[in-house]
Amino acid sequence: MKISGLKFGVIGGGIGGIAAALALQQRGAQVTVFEQAKALTEVGAGLQISANGMVVLRALNVVGDMPETAVASGGTMIRDYRSGRLVSALPPPSAGTTYYYHRADLLDALHQAALRAGVEFLLGARVEQVRKHPSDAEVALDDGTRHRFDCAIAADGGRSAIRTDLNGPETPAFTHQVAWRAIIPWSEHAETVRAALTMGPGRHVVTYPLRDQSLMNVVAIEERSDWTEEGWRLRGDPEDLRERFADFGGEVREILQQVQKPHIWALFLRPVAQTWQNGRIALLGDAAHPTLPFMAQGACLALEDAYVLARAFDDQSGIQQALEIYETHRRSRARKVVAAAGANARNFHLRGPMRLAAQAALMAIGPRLSRKYEWIYSYDATA
Ligand SMILES: Cc1cc2nc3c(=O)[nH]c(=O)nc-3n(C[C@H](O)[C@H](O)[C@H](O)COP(=O)(O)OP(=O)(O)OC[C@H]3O[C@@H](n4cnc5c(N)ncnc54)[C@H](O)[C@@H]3O)c2cc1C
């Protein structure tokens with residue numbers, strides 16, 4: 001089927017929604033993005049984009065071979081929490097370089113590329129409902145306006161209301177994981193830049209530099225039984241953060257000392273959606289497959305979704321067939337990656353003798369560990 005001339009409405013102007021809009025528009029569709037926020041903004045935080053995400057960004061001409069604003073990763077240092085002792089140094093995946101992005105920089109690069117391609121953005125546009133009709137999909141906004149499209153893509157995030165319309169009500173479950181996030185100024189310049197993953201019982205901290213290494217991204221995750229609110233932008237108390245990670249030593253301790261304005265975010269999850277599309281409306285990104293961040297793959301999966309969705313319209317006889325192809329290709333991949341991230345939630349937070357045994361194993365096989373995940377990084381959605 002010819003995608004050119006088809007009209008798409010994309011709900012959500014996050015990384016997934018904008019990437020999908022760009023991929024569809026570049027293939028000849030006419031795309032409108034509805035974003036409830038008045039401006040396209042991302043929280044101050046970092047994102048690791050591994051080779052499987054980078055291949056999509058390059059195919060969409062969002063970045064060239066060497067992204068200008070991101071930092072190339074030279075691998076990951078796994079450290080023990082008490083002293084910061086090095087347990088293992090993981091080399092970069094052989095599938096290709098991972099880049100450390102400031103979220104705002106990646107979102108801006110996608111937005112600029114989408115504007116250049118001709119995507120229309122409606123900001124401050126909160127979608128109340130998306131309805132399937134026999135020959136189109138209707139997007140209803142909370143200001144009472146209605147827009148008709150050949151196809152609607154719901155990239156409205158982990159708490160997607162459109163997913164509920166397609167799958168019925170599901171209550172997001174608290175995973176008992178709480179993420180603290182902050183960016184601090186940084187002055188050390190490394191020739192080879194590596195992330196540090198510091199593991200302790202029930203907690204871990206990930207740090208890596210951003211931009212020209214003038215910033216350090218800090219993510220500290222702890223298991224916790226209590227939580228009442230769900231949200232991105234809750235402010236945390238830096239003293240509380242330091243207290244909760246008080247037994248962490250070495251460099252990570254110094255980094256946590258410098259955190260001034262952390263955000264704190266409880267991680268709620270729904271399983272990978274059972275139904276991704278209904279022939280006119282399709283889910284994409286976190287709306288379809290929210291994941292724990294322990295494989296750093298949520299945004300990468302959303303980028304893959306975007307490319308596979310747009311490509312599914314090549315050679316298909318209709319919208320329904322294209323969406324079915326998209327769903328079939330993406331659901332199994334998302335399930336496997338989300339399960340790998342879930343398994344790491346346990347591996348990262350081991351306690352007592354289990355932790356020591358895991359460290360011994362890591363010392364022995366650490367450098368080969370990256371190979372275990374090659375199937376994630378070597379996936380090429382554009383191939
Ligand atoms: C601590 C942490 C670290 C992470 N690190 C990484 C990493 O290193 N690498 C990686 O690949 N992934 C990472 N992720 C995952 C990644 O952040 C997400 O998977 C990704 O941002 C999802 O993008 P999205 O576009 O699907 O959803 P979102 O970014 O949630 O975007 C959804 C958009 O939809 C809009 N919206 C919602 N409802 C409506 C409505 N009704 N009308 C209009 N607009 C609406 C929202 O305002 C928002 O802009 C991490 C996640 C966490 C929690």
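Predicted model: local features only at pLDDT ≥ 70, side-chain atom pairs only at ≥ 80, totals over all residues.

Student: Is helix α2 mostly covered or mostly exposed?

Tutor: Helix α2, residues 51-59, is mostly covered, with 7 of its 9 residues buried. Buried means that 20 or more other C-beta atoms, placed from the backbone, lie within 10 Å of the residue's own; 12 or fewer counts as exposed, and anything in between as partly exposed. Helices here are DSSP runs (H or I, at least four residues), strands are E runs of at least two, and both are numbered from the N terminus.

Student: Which residues of α2 are buried?

Tutor: They are Ala51, Asn52, Gly53, Met54, Val55, Val56 and Leu57.

Student: What do they pack against?

Tutor: The buried residues of α2 pack against α1 (15-26), β3 (46-49), β7 (99-102), α7 (298-311) and α10 (374-377). Contact requires C-beta atoms, placed from the backbone, within 7 Å of each other.

Student: And what follows α2?

Tutor: Asn61 follows α2, and its phi is positive, near 60°.

Student: How do α2 and α7 cross?

Tutor: Their axes come within 8 Å and cross at roughly 45°. Axes are lines fitted to C-alpha atoms, for helices over the stretch in contact, and angles run from 0 to 180 degrees between N-to-C directions. α2 and α7 are therefore oblique to each other. Angles under 35 degrees count as roughly parallel, over 145 as roughly antiparallel, 65 to 115 as roughly perpendicular, and the rest as oblique. The crossing of α2 and α7 is left-handed, a term for a near helix turned anticlockwise from the far one by less than a right angle, with clockwise giving right-handed.

Student: Which residues make that contact?

Tutor: On α2 they are Asn52, Gly53, Val56, Leu57 and Ala59, and on α7 they are Ala299, Cys300, Leu303, Glu304, Ala306 and Tyr307. By class, this contact of α2 with α7 has 8 nonpolar, 2 polar and 1 charged residues. Ala, Val, Leu, Ile, Met, Phe, Trp, Tyr, Cys and Pro count as nonpolar, Asp, Glu, Lys and Arg as charged, and the others, Gly among them, as polar.

Student: What about α1 and α7?

Tutor: The axes of α1 and α7 come within 8 Å and cross at roughly 25°, and the two helices are therefore roughly parallel to each other. Their crossing is right-handed.

Student: Changing topic: which residues come nearest to the ligand?

Tutor: Of the 32 residues around the ligand, Gly12, Gly14, Gly157, Gly285 and Gly298 come nearest. A residue is near a molecule when its C-beta atom, placed from the backbone, lies within 6 Å of it.

Student: Which element supplies the largest share of that shell?

Tutor: That is α7, with 4 residues. α1, β2 (30-35), β3, β13 (173-185) and α7 each supply at least two residues. The shell divides into 15 nonpolar, 12 polar and 5 charged residues.

Student: Finally, where is His263 found?

Tutor: His263 is found in strand β18, residues 263-269. His263 is partly exposed, with 18 other C-beta atoms within 10 Å. The C-alpha atoms of His263 and Arg235 are separated by 4.6 Å, although these residues are 28 residues apart along the chain.

Notes. Residues numbered from 1 in each chain as written. Contact = placed C-beta atoms within 7 Å.
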